[in-house]
Amino acid sequence: MRKLLLFLLDAGLTLFSGVVALFARFGFNFQEMLRYDESILIYTIVSMVVYVLNGNYSVVWEYANARDFLLLIRGSVISYISALAFFYFYRDVVLPRSVGFATFLGSMILIVLSRITWQWLTLSRKGRPTEKRIMIIGAGDAGVSILEEFEKHPHLGKVVAFMDDSPRKIGRRVRGIPVFGPIDRTMEYVERLGVDEVIVAIPSATKQQMERILGSIDLKKVKVKTLPSIRELMEDRVRLSHLKDISIEDLLGREEVKIDVRGIENLLKGKRILVTGAGGSIGSELCKQIAKMNPEELILLGHGENSIYLIDEFLSENFPNLKKKRVIADVACENLMELWMSRLKPDIVFHVAAHKHVPLMEENPLEAFRVNTLGTINLVELSRKMKVKHFVFISTDKAVNPTSVMGLTKRISELYIMTQDTDDTKFSIVRFGNVLGSRGSVVEKFRRQIEKGGPVTVTDPRMKRYFMSIPEAVSLILQSLLYSSGNDLFILDMGEQIPIVKLAETMIMLSGFVPHQDIKIVYTGVRPGEKMYEELTYPYERKEFTPHPKIFRVKSDSLPSRETVLEAILSMKSALERKDVNALLSEMMRLVPEAKLNDGVLD
């Protein structure tokens, strides 16, 4: 019925245009006009045939865009040319050129206007129930895309203003919407225009820019949403579904890291790559980024079947042509790992698997040593035996002057790798701090506590930590592979350490609450093994620049000999076999004299 109505409307508008064209040509000389009434009728019939064949009635005009309107213009042009051809070959009927052109021009304009009116009436009818008024910060491509989405779905809200810092845009209009500025005056216009929701549509915004934008908005008075970063959006067109509530990740984890994609791809393309701990936060992101580099095969190894299942499902959906293998195994199990390594023969190994929760490992030091240290040693020896080309070990800042069992196990793993003989396998270590969004992280803990209405628990007001987004850290891990020459230790530039209490206050504020008033912050005391602040290097380690500004190579002036490390490892293994915790920890601390464990661990 809708198509039929539009068809009849177009026929009527084309015929009407022809009649008006005759009036324009002959005035009220009806006798002269009647000589061409048959010509106008033929023009209309020819046009209707063309309109149907052109696809004018296959478009849902409620959601039409510029391309759809160009379709109408194309139909009118083709109909005019077809009519001219008809009258050229069929000489019994004549149509004056001026009348024909005026009919073409008039019908095209009227038909386009009819669709615009149709669209406006339909969307206006849908938009009446809503009263949500939207302001978009950023009058660029992303902001315009969001505006277009709201125009197609007016029941979700009406965009009433843009905010921007560009003097070229301020005071002008984009798609009929006024642009105000600068962004520092956002709240002034929010209150003046009665804005209900602000959308930050600047995917390329850095941490500093996001801090400035949010600093200009009173989150208790207006709701704020944002778009993901450029990395998350990739090449996908901006849509309303991309909008999300503002979060701490938008302030701390939006840095766009530039890496040598071509160089990394040349290194990984056509290789068999093993990722241990592939279902974890870092491991799964590694798999996602490696999958883009066209490896011959990606081996997903993990101890938890559910996490491996989830990353495998993601890769299957997003990289259907990727060849991969799922392996459920414990890295500390020598026989099983030797079976898989000999069968799969990986070219590159990323060793991410580890027990990472500091308080839990304080209570389970035997398991921490078995998995974190012996598991690493097991993989190192198998990689040497199988002549793996590159072995990358993911370490932690907690391995520097360790105060926890977890950090101590990681440091011993570092020492074992750094005292290896460089032969067929290039070993490298990447050491960095906390990442945003990892499982069990303080950010997730604070988020749950805020959702429950508080209180938010912080161990100590002096506590500080580094933070980096998971995609940023993984990109830099892959980049560091290009600089590996054998037994390298790399650290990542983590920026400034952030007070944990400031993190808690910011997260409470972003949730629309007032810290210390709406949601309390309670100090619970430092947990066993925790540091007040993190360190990335020992005093006897020195940083050297690499071609990438966020990656540093670390050289050590004081390392134990390989024989000392091997002897200590044998003593630790013996203590593990005897299940003698005190003996194990004593041997570990003897090898790493900088370690200062909590007295309770040695009880």
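**Aromatic pairs, helix burial and backbone geometry**

Both Y538 and Y540 are buried, where buried denotes a relative accessible area under 20%, exposed over 50% and partly exposed anything in between, computed with a 1.4 Å probe on protein chains only. The structure is a predicted model, in which local features need pLDDT of at least 70 and side-chain atom pairs count only at pLDDT 80 or more, while totals for chains, interfaces and linings use all residues. Residues are numbered from 1 along each chain as its sequence is written, and side-chain values use heavy atoms, with hydrogens and water left out.

The secondary structure of the protein amounts to 22 helices and 22 strands, helices (H or I, at least four residues) and strands (E, at least two) being DSSP runs numbered from the N terminus. The radius of gyration of the protein is 34 Å, well over the 25 Å given by the globule rule for 603 residues, so the protein is more spread out than a compact globule; this radius is taken over C-alpha atoms, and the rule is 2.2 Å times the number of residues to the power 0.38. Along the principal axes, the C-alpha trace spans about 115 × 60 × 40 Å. Of the 603 residues, 53% are buried. Among contacts (heavy atoms within 4.5 Å) between residues at least 6 apart in sequence, 77% join residues at least 24 apart.

A pair of aromatic rings is described by the distance of the centres and the angle of the planes. Rings of Phe, Tyr and Trp (its six-membered ring) were paired if their centres lie within 6.5 Å, with planes under 30 degrees apart counted as stacked, over 60 as edge-to-face and the rest as tilted. A search of the whole structure on this basis finds 8 aromatic pairs. In one of them, the ring centres of F391 and F427 are 5.5 Å apart and the planes stand at 55°, so the pair is tilted. Because F391 belongs to strand β12 (residues 390–394) and F427 to strand β13 (residues 426–431), this pair ties together parts that are 36 residues apart in sequence. F391 and F427 are both buried. Y538 and Y540 form a stacked pair, with 5.1 Å from centre to centre and 15° between the planes. Ring pairs also link Y80, F101 and F104 into a cluster.

Charged side chains were examined over aromatic rings as well, a charge being taken to sit over a ring if NZ of Lys or CZ of Arg is within 6 Å of the ring centre and within 35 degrees of the ring normal. The charged end of K288 sits over the ring of F314, 4.5 Å from its centre, and the charged end of K543 sits over the ring of F552, 4.5 Å from its centre.

Helix α6 (residues 141–152), with 12 residues, should span 16 Å, and its end C-alpha atoms are 17 Å apart, which agrees. In α6, 9 of the 12 residues are buried, so the helix is largely enclosed by the rest of the structure. Among these buried residues of α6 are V144, I146, L147 and F150, and what covers the buried residues of α6 includes β1 (133–137), β2 (158–163) and β5 (197–200).

A disulfide search, with the criterion of cysteine sulfur atoms within 2.5 Å, finds 0 disulfides in the whole structure. C287 is buried, with a relative accessible area of 0%, whereas C333, at 32%, counts as partly exposed.

Most residues other than glycine have a negative phi, and most peptide bonds are trans. The peptide bond from G181 to P182 is cis, with omega near -5°, and P182 is found in the loop between β4 and α7 (186–193). A cis peptide bond also joins G454 and P455, with omega about 0°, and P455 lies in the loop between α18 (442–451) and β15 (456–458). N294, although not a glycine, has a positive phi of about 60°; N294 is placed in the loop between α12 (281–291) and β9 (297–302) and is partly exposed, with a relative accessible area of 43%. Phi of K345 is likewise positive, near 50°, and K345, in the loop between α14 (334–344) and β11 (348–351), counts as partly exposed at 47% relative accessibility.

Definitions and conventions:
The expected span of a helix is 1.5 Å times one less than its number of residues.
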